[in-house]
2 protein chains.
Amino acid sequence: MTRIPFEVMKKEFARVFVKHGFTPARAEESAQLFAASSLDGVYSHGINRVPRFVDYIAKGYVHVDAVPTRIDGMGSIERYDGNLGPGDLNAKFCMERATAMAHASGMGVVTINNTHHWMRGGNYGWQAARAGCIGICWTNTESCMPPWGAKDAKVGNNPFVIAVPREEGPVVLDMAMSQFSYGKLQVTRLKNEMLPVDGGFDREGHLTRDPGAVEESMRILPTGFWKGSGLAILLDLVTALLAGGLSTCGIDKAKPAAEVSCYKASQIFIAFDPMLISGQDFVQQTVADAIDYLHTAIPAEKNGKVAFPGERTAKTRKENLAQGIPVNDVIWNQILGL
Amino acid sequence: MTRIPFEVMKKEFARVFVKHGFTPARAEESAQLFAASSLDGVYSHGINRVPRFVDYIAKGYVHVDAVPTRIDGMGSIERYDGNLGPGDLNAKFCMERATAMAHASGMGVVTINNTHHWMRGGNYGWQAARAGCIGICWTNTESCMPPWGAKDAKVGNNPFVIAVPREEGPVVLDMAMSQFSYGKLQVTRLKNEMLPVDGGFDREGHLTRDPGAVEESMRILPTGFWKGSGLAILLDLVTALLAGGLSTCGIDKAKPAAEVSCYKASQIFIAFDPMLISGQDFVQQTVADAIDYLHTAIPAEKNGKVAFPGERTAKTRKENLAQGIPVNDVIWNQILGL
């Protein structure tokens, strides 16, 4: 494990992206998003994902020069075709449009179809909050999780993001509909550890904390059992219907190869400008009171701390900015060789 | 247990509400919502809730004649003051406005503050779907659940509803942020049964399926552990900020008495007209394909069936319409005496 400064990592990513056909400006923009994910501790969708992203470009799945084109619009809604451009840049574009619309008239809804994996969804929540907006966005994905009561994967894990601006650091939730990702299962298994709570079913159909048993059965658990399964189904339908794009079922069928994730996904980005709607004083006071109240909760563990979503992220970011971002040497060397 | 025909139940509720000061038209409207909840199998927020609802009226918490008044509006957003009117009628009004706005320009967002418990949230999802709209709504509540990592209740269970229209019966998710309600814990304990999955912590801080142990510790479990806790925090903030109303923290402080639930709650109702946005053919085909695909999932249990959210509700409704709604005799007699 080595610690790499944020700027060094970002520069390296930008170099790789330019080499693979990005314009310097777009390479810089994408590098910023990937490096920001690692900076915030979301390594799975930061540095660890870069080799696969580059592989998709090389194979022609991701079109580096493609930008979203407007399909149509109506009232507070704008709809775009992602033209199979880089999913991170497409998503950033959409949230930018949504926040601009929110600044103008309170809210904006932007949908995109025919796009790619947006990498870390939380980035677009932080982006909305930085613009002073409430951001709500989600994406559908290919099937990767059995719906409740089933053995085989027929629903996506459809990450869902909600962000609320706050002067001292926003409140940002970034949750997938599975209790754990396959990445987390692998990491836990390699450490010979058990998951903190049940993560799926074993081959015999029993709930288990054993990550290897879940990897084997591929019966990863929806978060909240039937609830996360239901939410995944609804998030998928809403985004496909509003984006005029593919649902999970269509994504499964459109895949150009088994390993390609979120090919032609549909996404939705909603932004509200709460300052414009309710006034800055009210917004700041309400958020401050709610967070203060939450922090008065009595920790369950000695020396425990009750945190709001995004609070630990901010702490990790600060540490990683000061000390450098921890990277696996094998992956870092792989990046250097790309 | 007796089975009461839907129309008989509705008529009886309407009689009670008129007796407690409702106009006949509003009594009928509210009776329809309460009876529909029972019809759909949500007894906790249908018939079982009527005595408490009437008690709140008698104590002056719910103002039977109050209707929402418009605070302001901007673009696709309208905001209302609930004036402490009946929460069910206020919520129905808001979703009606939201769907009307959606029919006109694709989408509508309606917020309400200073309102009461909306009873069964799913009603407003079904309402949106009946109007051919995607409906998304949620409410905040008083604290009833410890945030993840805490011992004491500092977050609400903030029910979240998403509905998608479908000709043969809509897809409707109605989920609270706790894995189980206190009502479910009680019912399970009285049957001397265990919960199907962990429902909270016992006094020693261990996860347990024993409903009595959770009732004792009052450490009910957020759905998906840290995830449902985080989602509850964000849903609360968004609705308070956009409605210009109280957050959970404010609701806790505003309570006129310990047992009063959701006093001065904030709510948000979002409707999209997917037919207007994406065209009827696309909408119907996409939903049909997604549901067909889901139904191809292999059941985990022999003779099991994988259902979409709302599918079992429709089945229960059909049964209860044909055979009458099952009611506890004690509660039915209580209603007759109100």
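**View 1. An open sheet of 7 strands in chain A of this predicted model.** Reading across the sheet, the strands come in the order β2-β3-β4-β10-β5-β6-β7, and their pairing is mixed. At the edges you'll find β2 (69-74) and β7 (171-175), which have a single partner strand each, so one side of each is left without a neighbour in the sheet. Going from one strand to the next, the twist averages 10°.

**View 2. Strands β3 and β4 of chain A, up close.** Here β3 (residues 77-81) runs alongside β4 (residues 107-115), and the two pair in the parallel sense over 5 bridges. To find your way around, look for A:Ile77: the residue opposite, over in β4(A), is A:Val109. As a bit of background, strands of a sheet pair through backbone hydrogen bonds, either parallel or antiparallel.

**View 3. Helix α5 packing on the sheet of chain A.**

**View 4. Chains A and B around a rotation axis.** Which residue of chain B comes closest to the rotation axis? It's B:Gly224, with its C-alpha at 2.0 Å.

**View 5. Where the copies meet.** Of the interface residues of chain B, 100% are also interface residues in chain A, so the copies meet through the same surface.

Technical notes. Residues numbered from 1 in each chain as written. Chains lettered and ligands numbered in written order. Predicted model: local features only at pLDDT ≥ 70, side-chain atom pairs only at ≥ 80, totals over all residues. Pairing = 2+ DSSP bridges. Helix = DSSP H or I, 4+ residues; strand = E, 2+ residues; numbered from the N terminus. Axes fitted to C-alpha atoms, helices over the stretch in contact; angles between N-to-C directions. Contact = placed C-beta atoms within 7 Å. Least-squares fit on C-alpha atoms with pLDDT ≥ 70 in both.
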